[in-house]
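Hello,

Here is the structure I promised to pass on to you. Please have it open while you read; my notes follow below.

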Amino acid sequence: MDTKELLKKVRKIEIKTRRLSDHIFGGEYHSTFKGRGMTFSEVRQYQYGDDVRNIDWNVTARYNEPYIKVFEEERELIMMLMVDISGSELFGTEDQFKNEIVTEIAATLAFSATQNNDKIGLILFSDEVELYIPPKKGRSHVLRIIRELIEFEPKSKQTNVAEALKFLSNVMKKKAIVFILSDFIADNYKQNLKIASGKHDVTGIRVYDKHEQEMPNIGMVQMQDEETEELMLVNTQSKTVRRNYGRFYHDKVEYFKDSFAKSGSGTIDCRVDESYVKKLLGYFKRRG
């Protein structure tokens, strides 16, 4: 992809996702992910509905009526975007590939964080960490992240979520808001997720295509595994073949749900032909 074409693509994604983050997600993101601590700001008279735990008893005794302490958030947070760039992300039968939707979601989240003056970092992973961009603030930094999401060429086509989580735990010493974007056709990451979730606020965003869920009956087909590049003839008419594939896919999805639930982390399921806007908003509102 030449530079002109790349910049055009980056600009297109910026226009679309900034609009979303400005109008929709900014406030939701702010209320969902509160700052780390609270700093004392002032006192004011108690109003109906105020938290009684914030009553300033010294001032209350002095004026003989209730006063409460008002706090301000220490807002600066760090958002880490962890994005799966393995071969299976290039799958797509609708208007968009999974990796294109992943780029849009990541950009929307990044601009939402920027609006709140938070730092954003990026980890691109396959079966190894292929790129790490340390957290920084600002629009130009977000545009660099979008550029990498569009044009980065992975060395490997395989996936290892555990390896990426291990890297996160080693590199991020401060608490971060972490979004992992993947199809999660993987396993053996439960323990690493538990460790990462003990320190960070983790959400898994599973992006998938509806045609991955079950194998269609279309006779003998030559298929290529996007991760191993292995070519094979598959008899899709065979009920056993279709059932085995269905079981394999179902097991991976169950592993994803179970692992995230047990580690106390959030999940979002996002099909490529559905609105990721509604999915993100619904998630933020449930958590806010």
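Let me start in strand 7 (residues 201-208), which is where arginine 206 sits. Bear in mind throughout that this is a predicted model.

Is arginine 206 buried or exposed? Its relative accessibility is 4%, and because the limit for buried is under 20%, arginine 206 counts as buried. Its side chain has a polar partner: a contact of 2.8 Å links it to the side chain of aspartate 269. Leaving out residues up to four places away in sequence, arginine 206 also touches Ser182, Asp183, Phe184, Tyr249, Val253, Phe256, Ile268 and Cys270, as well as Asp269 itself. Threonine 267 is 61 residues away from arginine 206 along the chain, yet the C-alpha atoms of the two are separated by 7.5 Å.

**The nonpolar cores**

The largest nonpolar core holds 44 residues. Leu81, Ile105, Leu109, Ile146, Phe179 and Ile205 have the most contacts inside it. Helix 3 (residues 98-115) supplies the largest share of this core, with nine residues. What does leucine 109 contact beyond its neighbours within four places in sequence? The list is Met79, Leu81, Phe179, Ile205, Leu280 and Phe284. Another core, of 23 residues, lies apart from the largest one, and includes Met82, Leu165, Ala186 and Val202.

**Helix 4**

The buried residues in helix 4 include His141, Val142, Leu143 and Ile145. Ile146, Glu148, Leu149 and Ile150 are buried there too.

As you know, most residues other than glycine have a negative phi. Here are two that depart from this. Asparagine 117 has a phi near 65°, and asparagine 188 has one near 60°.

Where are they? Asparagine 117 is in the loop between helix 3 and strand 4 (119-125), while asparagine 188 belongs to the loop between strand 6 (177-182) and helix 6 (190-199). As for accessibility, asparagine 117 is at 47% and so counts as partly exposed. Asparagine 188, at 63%, counts as exposed, because the limit for that class is over 50%.

Terms used
Residues numbered from 1 in each chain as written. Predicted model: local features only at pLDDT ≥ 70, side-chain atom pairs only at ≥ 80, totals over all residues. Heavy atoms only, no water. Core = buried A, V, L, I, M, F, W, Y, C linked by side-chain atoms within 4.5 Å. Buried < 20%, exposed > 50% of the residue type's maximum accessible area, 1.4 Å probe, protein only. Helix = DSSP H or I, 4+ residues; strand = E, 2+ residues; numbered from the N terminus. Contact = heavy atoms within 4.5 Å. Polar contact = N/O pair within 3.5 Å; in protein donor to acceptor, adjacent residues only side chain to side chain.
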